[in-house]
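I set out to record what can be looked up in this structure, beginning with the chain as a whole and then turning to selected residues.

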Amino acid sequence: MSSIGLGTYLGEPDDSTDREYTAAIAKALCSGINVLDTAINYRHQRSERNIGAALRQVIDSGEVKRHEVVVCTKAGYLSFDGELPADPRGYFLREYVESGIIDPAQLAGGMHCMAPAYLENQIERSRRNLDLETIDVFYVHNPESQLAEVPREVFRQRLREAFATLEKLVKAGRIAYYGMATWSAFRLAEGARDYVSLEEVEALAREAGGSQHHFRFVQLPFSLAMPEAFALANQQVEKHKMSLLGAATKLGIAVVGSATLYQGHLTRGVPDPVKRILGLHTDAENAIQFSRSAPGLITALVGMAQHEHVRANMKVALVPPTPKEEWTGLFTKT
């Protein structure tokens with residue numbers, strides 16, 4: 001997996017953005033970026049379809065082979081199809097409730113569901129959108145959002161049932177690996193409402209799939225603005241306190257960082273001492289270099305909706321990561 005991956009979260013759900021994304025994804029794949037990240041609800045399924053179109057283009061041309069690319073998607077939030085319908089509530093009732101895919105009791109916050117039948121339905125839609133037989137990595141999308149409504153034991157049971165379904169889909173060849181893509185679960189202190197223990201989650205995966213389970217990925221924000229995955233010892237493995245990155249390494253789980261540029265906020269204002277250690281030219285380059293150099297982080301995701309984004313980010317990809325000793329010096333008091 002390349003140290004920089006392409007994200008597809010931002011952008012309008014319109015045809016011109018579709019064309020720009022498809023061209024940017026194809027450019028990235030031909031430039032050496034081989035991690036593509038999306039979700040079925042991103043831009044109302046359009047981002048998945050843009051990845052599918054770009055993949056067909058570069059594979060048919062012979063520039064890239066399918067096995068060289070890692071395609072990751074997510075599901076959990078209710079998703080529209082292509083555009084915002086005139087009656088969103090009516091659409092969800094017809095599409096998911098009246099069809100029997102979702103029991104309203106399984107919804108959290110009126111918008112999140114990780115029930116087995118719903119995940120299976122979304123994965124089938126994603127496979128069609130991406131035009132793929134097998135999705136490389138499937139994430140349950142922000143499952144911790146359910147903790148605002150359901151007791152922790154219900155949350156664990158829902159997650160366990162989701163993992164059992166995903167293990168079944170691995171055996172069927174529809175996905176290769178699965179994991180959790182989170183916003184707050186792994187960045188909070190123990191005791192916080194949305195906090196989740198990675199060791200407990202991995203134990204649920206072992207219950208669902210045995211010691212050779214396929215829960216092998218987690219995604220969380222990691223950036224100069226949100227460094228908790230390294231800086232906060234909020235996890236425990238075999239009774240030892242450690243960071244999320246340390247716990248994932250112990251448990252054999254790959255960590256992917258999202259929000260690398262903090263939705264553009266880190267393209268300016270990076271402090272001079274940080275820039276001196278990271279050693280690149282622009283604030284955006286240094287912010288990407290920070291994330292991709294983190295010990296234990298496998299890939300840093302950056303949104304790339306246009307050709308020029310790919311060209312700019314490839315400048316960082318061509319530079320070696322900051323040495324560990326120098327990088328960890330950012331966290332040393334002086």
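I note at the outset that the model is predicted.

**Entry 1: the chain as a whole**

I counted the secondary structure and found twelve helices and ten strands. Along the principal axes, the C-alpha atoms fill a box of roughly 60 × 50 × 35 Å.

I looked up burial next: 52% of the 334 residues count as buried. The accessible surface comes to about 14600 Å², and carbon and sulfur atoms contribute 51% of this area. Among contacts with a separation of 6 or more, 77% are made by residues 24 or more positions apart. For the charges, I recorded 36 positive and 40 negative, with mean positions 3 Å apart.

**Entry 2: helix α2**

I turned to α2, which covers residues 46-60. Its 15 residues reach 21 Å from first C-alpha to last, close to the 21 Å expected at 1.5 Å a residue. The buried residues of α2 include Arg 46, Ile 51, Leu 55 and Val 58. Which elements do the buried residues of α2 pack against? I found α1 (15-31), β2 (35-37), β3 (70-75) and α4 (116-130). After the helix comes Gly 62, with a positive phi near 85°.

**Entry 3: the loop between β2 and α2**

I examined two residues of this loop, Thr 38 and Arg 43. Thr 38 has a relative accessible area of 0% and is therefore buried. Beyond its neighbours within four places in sequence, Thr 38 is in contact with Thr 8, Ser 47, Glu 48, Ile 51, Cys 72, Thr 73 and Lys 74.

Arg 43 is likewise buried, with a relative accessible area of 6%. I noted its phi, which is positive at about 50° although the residue is not a glycine. Most residues other than glycine have a negative phi.

With neighbours within four places in sequence left aside, Thr 17 is in contact with Gly 11, Glu 12, Arg 43 and Asn 50. I had already listed Arg 43 in the loop between β2 and α2, and Asn 50 is one of the buried residues of α2.

**Entry 4: Lys 239**

I found Lys 239 in the loop between β7 (235-237) and β8 (240-242). Its phi is near 70°, a positive value in a residue other than glycine. Lys 239 has a relative accessible area of 75% and is therefore exposed.

**Entry 5: Ala 259**

I placed Ala 259 in the loop between β9 (254-258) and α9 (272-278). Which residues does Ala 259 contact, leaving aside its neighbours within four places in sequence? I listed Trp 183, Pro 221, Phe 222, Ser 223, Met 226 and Leu 301. I also looked up Phe 230: it lies 29 residues from Ala 259 in sequence, and the C-alpha atoms of the two are 15 Å apart in space.

Definitions and conventions. Residues numbered from 1 in each chain as written. Predicted model: local features only at pLDDT ≥ 70, side-chain atom pairs only at ≥ 80, totals over all residues. Heavy atoms only, no water. Helix = DSSP H or I, 4+ residues; strand = E, 2+ residues; numbered from the N terminus. Buried < 20%, exposed > 50% of the residue type's maximum accessible area, 1.4 Å probe, protein only. Contact = heavy atoms within 4.5 Å. Areas by Shrake-Rupley, 256 points an atom, 1.4 Å probe, with all protein chains shown as cover. Lys, Arg positive; Asp, Glu negative; His and termini not counted. Charge placed at Lys NZ, Arg CZ, Asp CG, Glu CD. Expected span 1.5 Å × (residues − 1).
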